[in-house]
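Good morning, and thank you for coming. Please look at the sequence and the model on the screen.

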Amino acid sequence: MTLQQQIVGNAMQMAVCTLNPGQTVYCEAGKFLFKTANVSMETRLGGPGNRQQGGAPGQQGAGGMGGLLRQAMGTAMQVGQRALAGESLAFQYFTASGGEGTVGFAGVLPGEMRALELTGSRAWFAEKDAFVAAEDTVQFGIAFAGGRQGMSGGEGFILEKFTGRGTVIIAGAGNFIDLNPADFGGRIEVDTGCIVAFEEGIQYGVQRIGGLNRQGIMNAVFGGEGLSLATLEGNGQVILQSMTIEGLANALKKSQGGDKQGPTGGLFSTHAG
């Protein structure tokens with residue numbers, strides 16, 4: 001069943017989903033807004049990516065104690081990955097019964113939301129705070145990207161990975177822009193905080209801004225970008241956001257008379273813990 005959803009609002013958008021009887025949607029803890037009375041809510045540690053295949057309840061082997069043990073281990077691995085990534089440890093599941101039900105979700109920052117339709121042919125990757133909600137036919141996972149490039153660039157990258165078929169709803173800060181690196185010579189370079197999501201097949205990397213020379217130091221100290229940029233290469237959809245979380249935090253601190261960035265920004269920028 002296709003998830004019926006509508007994105008409403010402007011500066012702080014919401015996703016209002018209409019569930020058919022028996023249809024289930026899940027969200028990250030803290031993204032739920034409201035629901036009708038006929039929609040049940042259940043909190044679980046395990047995500048849809050941990051569902052076991054085959055075996056009826058009560059059977060031994062794939063569906064018996066062995067299956068339960070594998071499911072428990074899979075849940076523990078999922079929870080561990082999310083903890084390392086700084087994600088919520090639990091998901092909330094919503095299921096309609098006795099008729100159509102309605103449930104609403106929102107992100108945590110002023111900005112846009114987007115519903116992505118997965119067909120099973122390509123996965124989607126999103127930055128670690130982007131996920132809002134998805135059908136239970138969509139599997140949620142954690143991907144640790146950046147690796148050696150991230151370490152050499154001074155910055156790693158933790159991604160949320162969505163596979164399967166169905167609708168997944170993401171949110172970002174500010175406004176969205178859709179780009180395809182193939183339309184710009186096959187490669188674009190962006191602020192690391194501006195990436196919201198991209199299709200499987202796009203290659204992500206991190207590159208240092210300039211070398212250890214005068215211009216490189218000027219870029220790092222006065223440019224406000226730090227020492228590295230993200231690179232996105234290939235042919236596929238990329239979603240960027242116009243506002244970064246760091247930029248929003250610095251603007252709020254400045255408006256309260258507690259600007260921690262200082263006159264030079266970039267390398268000298270500090271952040272309150």
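Phe 131 and Phe 162 are both buried. Please keep in mind that this is a predicted model. The two rings form a tilted aromatic pair, with 5.5 Å from centre to centre and 35 degrees between the planes. Phe 131 belongs to strand 10, residues 131–135, and Phe 162 to strand 12, residues 157–171, so their pairing ties together parts that lie 31 residues apart in sequence.

Both residues also belong to one aromatic cluster, whose other members are Tyr 26, Phe 91, Tyr 93 and Phe 140. One of these, Tyr 93, has a charged group over its ring: the charged end of Arg 44 sits there, 3.8 Å from the ring centre.

How many aromatic pairs does the structure hold? There are 11 aromatic pairs. Among them is the pair of Phe 125 and Phe 198, which is stacked, at 5.8 Å centre to centre and 25 degrees between the planes. Here the partners come from strand 9, residues 124–127, and strand 15, residues 195–199, so the pair ties together parts that are 73 residues apart in sequence. Phe 125 and Phe 198 are both buried.

I turn now to a loop. Ala 173 is located between strand 12 and strand 13, the latter covering residues 176–179. Is Ala 173 buried or exposed? Its relative accessible area is 0%, so Ala 173 is buried. Which residues does Ala 173 contact, leaving aside neighbours within four places in sequence? They are Leu 109, Pro 110 and Gly 111, together with Gln 241, Ser 242 and Met 243. As for Gly 107, its C-alpha atom is 9.0 Å from that of Ala 173, the two residues being 66 apart along the chain.

Thank you for your attention.

Conventions. Residues are numbered from 1 along each chain as its sequence is written. This is a predicted model: local features need pLDDT of at least 70, side-chain atom pairs count only at pLDDT 80 or more; totals for chains, interfaces and linings use all residues. Side-chain values use heavy atoms; hydrogens and water are left out. Rings of Phe, Tyr and Trp (its six-membered ring) pair if their centres lie within 6.5 Å; planes under 30 degrees apart count as stacked, over 60 as edge-to-face and the rest as tilted. Helices (H or I, at least four residues) and strands (E, at least two) are DSSP runs, numbered from the N terminus. Buried means under 20% relative accessible area, exposed over 50%, partly exposed in between (1.4 Å probe, protein chains only). A charge sits over a ring if NZ of Lys or CZ of Arg is within 6 Å of the ring centre and within 35 degrees of the ring normal. Contact means heavy atoms within 4.5 Å.
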